[in-house]
Amino acid sequence: MPAPSFVYLASQSPRRAQLLEQLGIAHRPLLADASEDAESLEAVLPRESATAYVQRVTALKLDAAVQRWKRRALSAAPVLCADTTVTLDGRILGKPADAAEARAMLTQLSGRAHRVLTAVAVQAGRRRFAALSVSQVRFAELTRRQIADYVAGGEPMGKAGAYAIQGRAGAFVAHIAGSHSGIMGLPAFETAQLLRQAGFRL
């Protein structure tokens, strides 16, 4: 069987697209229809751990993407999904609903270490491959002014934990242990492993 020539990326994240390009993987977007309630897939279940949450959400997103691929009668190729979450003291810090929540999250992260989990899953025909990247990030102590200025710039919105390490928040990070690309949203090492299993030559 010939190696796949591209992968469908079921994510609108430009960071994930850039990371696939970094791996030399051609990709095509497979985004949700307007009628799909993609946000509902990210609801946290009661007493759900961050690990269980991020893996479950990624699997649900991949299920939805595969159904989308079938509905659109697209050409055959693997489908890739990923989801990232931030956890502090066992609590999941999702995407802030507004600026006030973003400020509250960043205040909690200030001067402390937290975990960033990114789950990745690839569907290739009837086969499904999945991996989990877990990293630790420690923020420096942040002033109220730093937090307010960062939130005012708009970058925290739509980001798990209210920050993007590849953006201005990179200046807040005193230390990381794990995968920088995983913290960005698509761990390069784990993703490459899954793509090899799906037939890509990397």
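A50 is buried, with 6% relative accessible area; buried means under 20%, exposed means over 50%, and partly exposed lies in between, with a 1.4 Å probe and protein chains only. The model is predicted: local features need pLDDT of at least 70, side-chain atom pairs count only at pLDDT 80 or more, and totals for chains, interfaces and linings use all residues. Residues are numbered from 1 along each chain as its sequence is written, and side-chain values use heavy atoms, with hydrogens and water left out.

A50 sits in helix α2. Helices (H or I, at least four residues) and strands (E, at least two) are DSSP runs, numbered from the N terminus. A50 lies 42 residues from I92 in sequence, yet their C-alpha atoms are 6.0 Å apart in space. A50 is also in contact with T85, T87 and L117, among others, when residues up to four places away in sequence are not counted. Contact means heavy atoms within 4.5 Å.

Helix α3 spans residues 99-109, and its buried residues are A102, M105, L106 and L109. Seen down the axis of α3, these residues fall within an arc of 95 degrees, so they line one face of the helix. The arc is that of the directions from the helix axis to the C-beta atoms. The cover over the buried residues of α3 includes the strands β3, β4 (91-93), β5 and β6 (127-139), together with helix α4 (144-152).

The N-terminal end of α3 is capped by D98. A side-chain oxygen of D98 lies 3.3 Å from the backbone nitrogen of A100. Such a polar contact is a pair of N or O atoms within 3.5 Å; within protein, one must be able to donate a hydrogen and the other to accept it, and residues adjacent in sequence count only if both atoms are side-chain atoms. Just after α3, G111 takes a positive phi of about 70 degrees.

Most residues other than glycine have a negative phi. A73 has a positive phi, near 50 degrees. This residue is found in the loop between α2 and β3. A73 is exposed, at 66% relative accessible area. D89 also has a positive phi, near 55 degrees, and is a residue other than glycine. D89 is placed in the loop between β3 and β4. Its relative accessibility is 54%, so D89 counts as exposed.

S11 is found in the loop between β1 and α1. It is buried, with a relative accessible area of 12%. The side chain of S11 reaches the backbone nitrogen of S13 at 3.1 Å. Beyond its neighbours within four places in sequence, S11 is in contact with R16 and L31.

P4 lies in the segment before β1 (7-9). With 24% relative accessibility, P4 counts as partly exposed. P4 and A76 are 72 residues apart along the chain, while their C-alpha atoms are separated by 8.7 Å. Leaving aside neighbours within four places in sequence, P4 touches P78, A198, G199 and F200.

Pockets were then examined. Rolling a probe the size of a water molecule over the atoms shows where empty space is left. On a 1 Å grid over the protein atoms alone, a pocket is an open set of points where a 1.4 Å probe fits, with protein on both sides within 12 Å along at least five of seven lines; lining residues have an atom within 4 Å of a point. Grid points are joined across faces, edges and corners, and a volume is the space filled by probe spheres set on the points.

The largest pocket has a volume of about 870 Å³. It is lined by 38 residues, and R16, E42, K61, D83 and K95 are the closest to its centre. The elements that give two or more residues to this lining are α1 (14-22), α2 (50-71), β3 (79-88) and α5 (180-184). The largest share, 5 residues, comes from β3. The lining of the largest pocket divides into 19 nonpolar, 9 polar and 10 charged residues. Here Ala, Val, Leu, Ile, Met, Phe, Trp, Tyr, Cys and Pro count as nonpolar, Asp, Glu, Lys and Arg as charged, and the others, Gly among them, as polar.

The second largest pocket has a volume of about 440 Å³. Of its 18 lining residues, A76, A77, P78, A124 and G125 are the closest to its centre. Both α2 and β5 (113-124) supply at least two residues of this lining. The lining of the second largest pocket divides into 13 nonpolar, 4 polar and 1 charged.
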